[in-house]
Structure formats: C-alpha cells, structure tokens
Amino acid sequence: MLASMEGVISLGVGEPDFATPWHIREAAIHSLEKGYTMYTSNSGLLELRQELVRYLRAAYHLDYDPYGELLITNGVSEGLDLAIRAILDPGDEVILPDPCYVSYPPCVLFSGGVPVPVPTNPENYFKLDASDIEARITDQTKAILIGYPANPTGAVMSREELAQIADVARQHNLLVISDEIYSRLVYETWHTCFASLPEMKERTILLGGFSKAYAMTGWRIGYAAANAEIIGAMTKIHQYTALCSPIMGQMAAIEALNSGEEEVERMVKEYDQRRRVIVNGLNEIGLACFEPRGAFYAFPSIRVTGLSSEEFAERLLLEERVAVIPGSAFGQCGEGHVRCCYATSLGDIEEALRRMGRFVERHK
Ligand SMILES: Cc1ncc(COP(=O)(O)O)c(C=O)c1O
C-alpha cells in the first residue's frame, strides 16, 4: 500500500535514516581498490574477531577466544537462526517475551521447536519477569530468548532484573540467547550485556551487530559469541549455508569498531532528542506511551480509538498518510499498540504527530 501512495511519512521500517558514516564507507571502498574481493575464513576475518574481542573486553570485561568463541554472521538475523538451529532438537521449547521481534517465533518454528511466549505489559514497562519465565519451564525447555533493548517496545532491563533471569537459567540449566543488536542505543541508562552476569558467559549466546549503532543495515554484518562447542556447531551450519560474510562488510566493520565511536554518540544524541519529541507528542494527542529507554521505537497504546492495531495502522495510512506497524505483528500482547520508529527526521516526526492527532480526534 505504502509503495503506491505519495506523501507518506513512514514511522514503519526499523532502520536508521542516516547513511553509514563516510569513513566506514571509505574503508570498504579502499578494500575493494586493494582487491579484497574474496572469501574470508568461515569464522570471519581474524582481525575483525580480534577487534570484537577487544571491544567486548573494554565494554563488558568479557574475555572471548577469537579462534573458537566468535563467529562473524550475516547480521544478527543469521546469528539468531544459527543459534537456534545449533541448540534445538525437535520439540524443544524456547521461552521468549510477548511482544517480541518478528523473527524470534518463526526461527524457533523453522527448527522444529516450540516458542513459549511470556506476556509483558506497559504497566511493567514491557520487562520480562523472571517468575513468569519460571512458571513456563517444562522438561522440554531448552533456552530463553531475550532481546533488550527491545524491538518493538524500546524497553530496557536493568542489571538486577536481568540477574533474576540469570538465576532462573542457572537453576534450570537453560541456555540464553541474548540479542543485543540495540546495545549502543540506550538513553539515560546503560546497557548490561547478559553474558557479563556471573556464570552466564558459558550459557549465553551473545548476538551483536553493526546494523543499528553504525547505520549499517545493508552491509549484513553481525557476530555471535558463545562457548566453543556452540560456536563450533553454529559455524558448521554457517559454513554449509552462507560460507562466510561479505569481505567488504567485514572490512567496514573493522573501521567501525576502530573509529566509529564519535558517530555512534552523535546518532544516539539525535535519536534521544527525537525520542523525547515523539513520546511527549504521543501522550499529548492521547496515545498513552511509556518512556522507552532503548532502540528507536515508541510503542503507544491506541485503545482510546477502539480500533484494532491493524485497523488503526491501515486507516491511519489511508486517511492521514502515516505508516506505523500494528502491535499485533509482534505477538498477542502487542495488540492495542502500534510501533512508531523515530529513526526519521524531527520535521517528519512533528508532522506525523500532527496528522496522528487529527486521526485520534476523529476516532476516539
Ligand atoms: C531485535 C532485532 N534483532 C535483529 C535484527 C536484525 O538485525 P541485522 O540487521 O543485524 O540482521 C533486528 C532488525 O530490525 C532487530 O530489531
């Protein structure tokens, strides 16, 4: 629908509106000029893995072995699929939050596993409660799959709250897949890496990437860090399906880690300003929105309109030319909400809010 319409402001797609910082693009251009156009090791360029080891040590005091505990993937998307395929047997259950990123339940299903959603809600800032996880553990439970800061809600979890989930994982001998693609996009708080919690490094598959922090969605570069047995199994699947990640992207990622910090901070500052404008604006027009502290999404309630989230999104697009994503796309508990991505210009956000305000006035 969107493609056939003119004048639409999109708060839909979840990606940065910035182009990849120039020096990172330039690193890839130079690598092409030098003739780096071949396969890399299945695990990814050693130099990139070594840079990641340095980064994870500096950021979280985590020590990974670049030769066996790190794998460069085609984005977190591939890392997620590899992690799930490597650890699941048919019938195994994976506990995950509802709402959650659209890929989590299908990836579990593709592996013959069973996604077990745990409801979360705005009253609790969409945090995952450890006791709710524990209540859903059965003999078939293999892993907990989390992703904080969260898509679609923008929720973050504190170190203490994550530590409670870690206790459950330890007591029930579960693995944890932790999708930390938004780790750099946090506001007025700091990110806790799940693997950095006591005794969690051994049972956590940490997934990270370059798409969001460095505005590198099109490069398709991510990484997985875990114990050698799991990374070995993931590498086997990666080797026979993808072979390796593109070398230009890996070269660019090395540059990003080496000298991308200033741009990350600049973009985070911008997102933070937009976050305040959209959250205040949504609340002012009557769409109650808790304050998201991570990623670049606001997830307001649309219940005042009496519309389903799908009706809301479709009518808003047709009547006011603003694109948002229906909350139901992210799970049953997403119903009654829509996801608004604020990785777009302030001017567009302000105009989208004006249009949404008119829409809400008509429909409440
Ligand atoms: C929570 C989450 N995980 C993973 C991805 C995919 O990341 P990548 O571009 O690294 O494959 C996204 C993209 O929107 C996401 O929101």
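A: Cys 340 in strand 12 is the bridge partner of Ala 298; as with everything that follows, this is read from a predicted model. Strand 12, which comprises residues 338-341, pairs with strand 9 in the antiparallel sense, and two bridges link them. Both belong to an open, antiparallel sheet of three strands in the order 9-12-11. The edges of this sheet are formed by strand 9 (297-298) and strand 11 (325-326); each has a single partner strand, so one side of each has no neighbour in the sheet.

Ala 295 is situated in the loop between helix 9 and strand 9. Although not a glycine, Ala 295 has a positive phi, near 60°. Its relative accessible area is 0%, so Ala 295 is buried.

Strand 12 also takes part in covering helix 11. The buried residues of that helix are Ile 349, Ala 352, Leu 353, Arg 355, Met 356, Gly 357, Phe 359, Val 360 and His 363. Their cover includes strand 12 together with strand 1 (9-10), helix 9, helix 10 (309-320) and strand 10 (322-323).

Two packed helices are characterised by the angle between their axes and the distance between the axes. The axes of helix 9 (residues 261-284) and helix 11 (residues 346-363) come within 10 Å and cross at roughly 5°. Because the crossing angle is under 35 degrees, helix 9 counts as roughly parallel to helix 11. On the helix 9 side, the contact is made by Gln 273, Arg 274, Val 277, Ile 278, Gly 281 and Leu 282. Helix 11 contributes Leu 346, Ile 349, Glu 350, Leu 353 and Met 356. Of the residues in this contact, seven are nonpolar, two polar and two charged.

Glu 6 lies in the segment before strand 1 and is exposed, with a relative accessible area of 68%. Glu 6 and Arg 321 are 315 residues apart in sequence, yet their C-alpha atoms are 8.1 Å apart in space.

Leu 48, Arg 49, Glu 51, Leu 52, Val 53, Leu 56 and Tyr 60 are its buried residues. These pack against strand 2 (70-73), strand 7 (204-209), strand 8 (222-225) and helix 8 (247-259). Just after helix 2, His 61 adopts a positive phi of about 55°.

Pro 149 lies in the loop between strand 5 (141-146) and helix 6 (159-171), and the peptide bond from Tyr 148 to Pro 149 is cis, with omega near 0°. Pro 152 is likewise placed in the loop between strand 5 and helix 6; a cis peptide bond joins Asn 151 to Pro 152, with omega about 20°. Glu 188, in the loop between strand 6 (175-179) and strand 7, has a positive phi near 55°. Glu 188 is exposed, with a relative accessible area of 52%.

How values were computed. Residues numbered from 1 in each chain as written. Predicted model: local features only at pLDDT ≥ 70, side-chain atom pairs only at ≥ 80, totals over all residues. Heavy atoms only, no water. Pairing = 2+ DSSP bridges. Helix = DSSP H or I, 4+ residues; strand = E, 2+ residues; numbered from the N terminus. Axes fitted to C-alpha atoms, helices over the stretch in contact; angles between N-to-C directions. Parallel < 35°, antiparallel > 145°, perpendicular 65-115°, else oblique. Contact = heavy atoms within 4.5 Å. Nonpolar A, V, L, I, M, F, W, Y, C, P; charged D, E, K, R; others polar. Buried < 20%, exposed > 50% of the residue type's maximum accessible area, 1.4 Å probe, protein only.
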